[in-house]
Amino acid sequence: MDWSGLMTDEYERVSGFVEHVIDGLSKDELDWRPKDDCNSIGWLVWHLTRQQDLQVSGLMDEEQLWIRDGWHSKFNMPADEGDVGFGHTTEQVAAFKSPDVKTMLGYQKAVTERSKGYFQTISGEDLDRELDEPMFQPLPTVGVRLVSIVQEAVTHAGQAAYLRGLLKGRGWQTF
């Protein structure tokens with residue numbers, strides 16, 4: 001397997017896991033938080049998808065799907081390309097209202113498909129290209145960025161799964 005196949009497999013696994021985690025949940029269950037200062041399942045899935053959309057779009061030098069394809073309106077949110085959840089306050093997390101599971105998965109799958117398409121357009125040498133981000137030292141490369149995107153997604157998908165377990169108990173995890 002080459003690097004693009006490896007990345008495609010990992011990003012698809014995250015997408016499939018997210019689908020399993022939120023399958024069958026109501027909007028109220030997506031927005032449930034065990035405590036007032038915790039994230040919800042829906043917010044976590046939105047955030048992991050938004051950060052992937054932002055970062056892959058940036059690598060591609062293309063508009064985010066959030067804006068280009070009108071996903072922001074399906075989430076009843078502004079077309080703010082910078083709002084991906086980083087730095088959200090407890091009040092902002094509480095104000096987030098999930099759309100239905102179908103909409104959440106639609107956005108997540110669209111972003112995953114775009115990412116997979118991007119993998120097909122770059123070479124192994126492109127992975128070593130340094131990004132112009134002097135706030136990080138050493139400068140990250142495209143490869144480092146692609147790994148950090150999926151690491152962030154895996155972390156938040158796991159958090160969402162844990163919350164579903166708190167909400168539904170042990171029996172939901174059946175694969």
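Colleague: How many helices and how many strands does the protein chain have?

Modeller: The model is a predicted one. Read along the sequence, the protein chain follows the pattern α-α-α-α-α-α-α-α. The count is therefore 8 helices and 0 strands.

Colleague: What is the radius of gyration of the protein chain, and what does the globule rule give for 175 residues?

Modeller: The C-alpha trace spans about 45 × 35 × 30 Å along its principal axes. For 175 residues the globule rule gives 16 Å, and the value for the protein chain is close to it, so the chain is as compact as a globular protein of that length. The radius of gyration is 16 Å.

Colleague: What percentage of the contacts between residues at least 6 apart in sequence join residues at least 24 apart?

Modeller: Burial gives some context: 46% of the 175 residues count as buried. The protein chain exposes about 9,200 Å², of which carbon and sulfur atoms supply 51%. As for contacts between residues at least 6 apart in sequence, the share that joins residues at least 24 apart is 74%.

Colleague: Are helices α3 and α8 roughly parallel or roughly antiparallel?

Modeller: Two packed helices are described by the angle between their axes and the distance between the axes. Helix α3, residues 41-60, packs against helix α8, residues 142-168, at an angle of about 170°, with the axes 8 Å apart. Because angles over 145 degrees count as roughly antiparallel, α3 is, relative to α8, roughly antiparallel.

Colleague: How do the residues of the contact of α3 with α8 divide into nonpolar, polar and charged?

Modeller: The contact in question belongs to the pair whose axes lie 8 Å apart. Its residues divide into 14 nonpolar, 7 polar and 3 charged.

Colleague: Which peptide bond is cis, with omega near -5°?

Modeller: The proline concerned, P138, lies in the loop between α7, residues 101-119, and α8. The cis bond runs from Q137 to P138.

Colleague: Is D61 buried or exposed?

Modeller: D61 is placed in the loop between α3 and α4, the latter covering residues 65-68. Its phi is near 60°, a positive value in a residue other than glycine. Since exposed means over 50% relative accessible area, D61, at 71%, is exposed.

Colleague: What is the relative accessible area of N76?

Modeller: N76 lies in the loop between α5, residues 71-74, and α6, residues 90-95. Although N76 is not a glycine, it has a positive phi of about 55°. N76 counts as exposed, with a relative accessible area of 73%.

Colleague: Which residues does K116 touch, not counting those up to four places away in sequence?

Modeller: K116 is placed in helix α7. With a relative accessible area of 14%, K116 falls under the 20% cut-off and is therefore buried. Leaving out residues up to four places away in sequence, K116 touches T8 and E12.

Colleague: How many Å apart in space are V21 and G165, C-alpha to C-alpha?

Modeller: V21 has its place in helix α1, residues 3-22. At 1% relative accessibility, V21 counts as buried. V21 and G165 are 144 residues apart in sequence, and their C-alpha to C-alpha distance in space is 9.3 Å.

Note on methods:
Residues are numbered from 1 along each chain as its sequence is written. This is a predicted model: local features need pLDDT of at least 70, side-chain atom pairs count only at pLDDT 80 or more; totals for chains, interfaces and linings use all residues. Side-chain values use heavy atoms; hydrogens and water are left out. Axes are lines fitted to C-alpha atoms, for helices over the stretch in contact, and angles run from 0 to 180 degrees between N-to-C directions. Helices (H or I, at least four residues) and strands (E, at least two) are DSSP runs, numbered from the N terminus. Angles under 35 degrees count as roughly parallel, over 145 as roughly antiparallel, 65 to 115 as roughly perpendicular and the rest as oblique. Ala, Val, Leu, Ile, Met, Phe, Trp, Tyr, Cys and Pro count as nonpolar, Asp, Glu, Lys and Arg as charged, and the others, Gly among them, as polar. The radius of gyration is taken over C-alpha atoms; the globule rule is 2.2 Å times the number of residues to the power 0.38. Buried means under 20% relative accessible area, exposed over 50%, partly exposed in between (1.4 Å probe, protein chains only). Contact means heavy atoms within 4.5 Å. Accessible areas come from the Shrake-Rupley method with a 1.4 Å probe; for residues, only the protein chains shown count as cover.
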